[in-house]
Amino acid sequence: MKKAFEFLTHLKENNNREWFARHKSEYDVIVKENKVFFNQIYTELQEYDNLKGMHIFRIYNDVRFSKNKAPYKTNFGVGYSRSKPMLRGGYYIQLEPGNSFVGGGFWGPEAKDLLRIRKEFEISSSEIEKITSDTTFIQYFGELKGDAVKTAPRGFDKNHPAIDLIRKKQFLVMRQFTDKEVLSDNFQKEVLLTLIAMRPFFDYMSEILTTDMNGEPLF
């Protein structure tokens, strides 16, 4: 990871095509090393979950519709998807000096899925609160994160006891890592443990999204 961090630090200071072209061979070596690491995590995680695939994100920015016109990202990222339709949620790892993290969850649920989740929490939030108050969950993630609407969604009571959960439009967990932690010999083990710690949350959300309001299976 040291070479990757050094490259990204220099890239942040020289985010232009000319500099990148001069260091393309160095970048290619780092990409291969990252792929080995990401594949190792995939293989290890597969022993604890049923994964469908891995997507290593390209370093090239799509600047067409973005205010950020820098041609390159300053991080390396990978996503691991679970086997749908029964298993929901996705894992993500980001490597970036000063901003590395392992996370996952439901970034942009489809409208019908979001409504199903909110309806479940409206009926009872005890199970999700049990999961998010577990000591292991708190140790790794602190709390459930994600953007929320400002007021109660249409059709929901703004005074509902679980309104803070119902207002969410994303359901995410994340653990930050310092640069020192990323560069330590223990990093790969900690990444795997963090991903495994998401399972109770993922499994419960999968149960919601694969059943109707009566608890009957959809598949």
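Residues are numbered from 1 along each chain as its sequence is written, and side-chain values use heavy atoms, with hydrogens and water left out. Because the model is predicted, local features need pLDDT of at least 70 and side-chain atom pairs count only at pLDDT 80 or more, while totals for chains, interfaces and linings use all residues.

The protein chain has 10 helices and five strands. These are DSSP runs numbered from the N terminus: helices are H or I with at least four residues, strands are E with at least two. The C-alpha atoms fill a box of roughly 60 × 40 × 30 Å along the principal axes. Of the 219 residues, 42% count as buried (under 20% relative accessible area; exposed is over 50%, partly exposed in between; 1.4 Å probe, protein chains only). Contact means heavy atoms within 4.5 Å. Among contacts between residues at least 6 apart in sequence, 66% join residues at least 24 apart.

The largest nonpolar core has 55 residues. Such a core is a set of buried Ala, Val, Leu, Ile, Met, Phe, Trp, Tyr and Cys residues joined through side-chain atoms within 4.5 Å. Helix 3 (residues 24-46) gives the most to this core, with seven residues. Phe7, Ile59, Phe76, Tyr80, Phe121, Phe171 and Phe201 have the most contacts inside the core.

Strand 4 covers residues 100-106. Seven of its seven residues are buried, so strand 4 is largely enclosed by the rest of the structure. Strand 4 pairs with strand 3 in the antiparallel sense over five bridges; pairing requires at least two DSSP bridges between two strands. In this pair, Gly90 stands opposite Gly105. Four residues lie between the strands of the hairpin, where Gly98 takes a positive phi near 80 degrees. Strand 4 also runs antiparallel to strand 5 (residues 171-177), joined by seven bridges. Here Ser100 stands opposite Phe177.

Val102 lies in strand 4. Its relative accessible area is 1%, so Val102 is buried. Leaving out residues up to four places away in sequence, Val102 contacts Tyr92, Ile93, Val173 and Leu195, among others. The C-alpha atoms of Val102 and Phe219 are separated by 30 Å.

A cis peptide bond joins Lys84 and Pro85, with omega about 5 degrees. Pro85 sits in the loop between strand 2 (76-82) and strand 3 (90-95).
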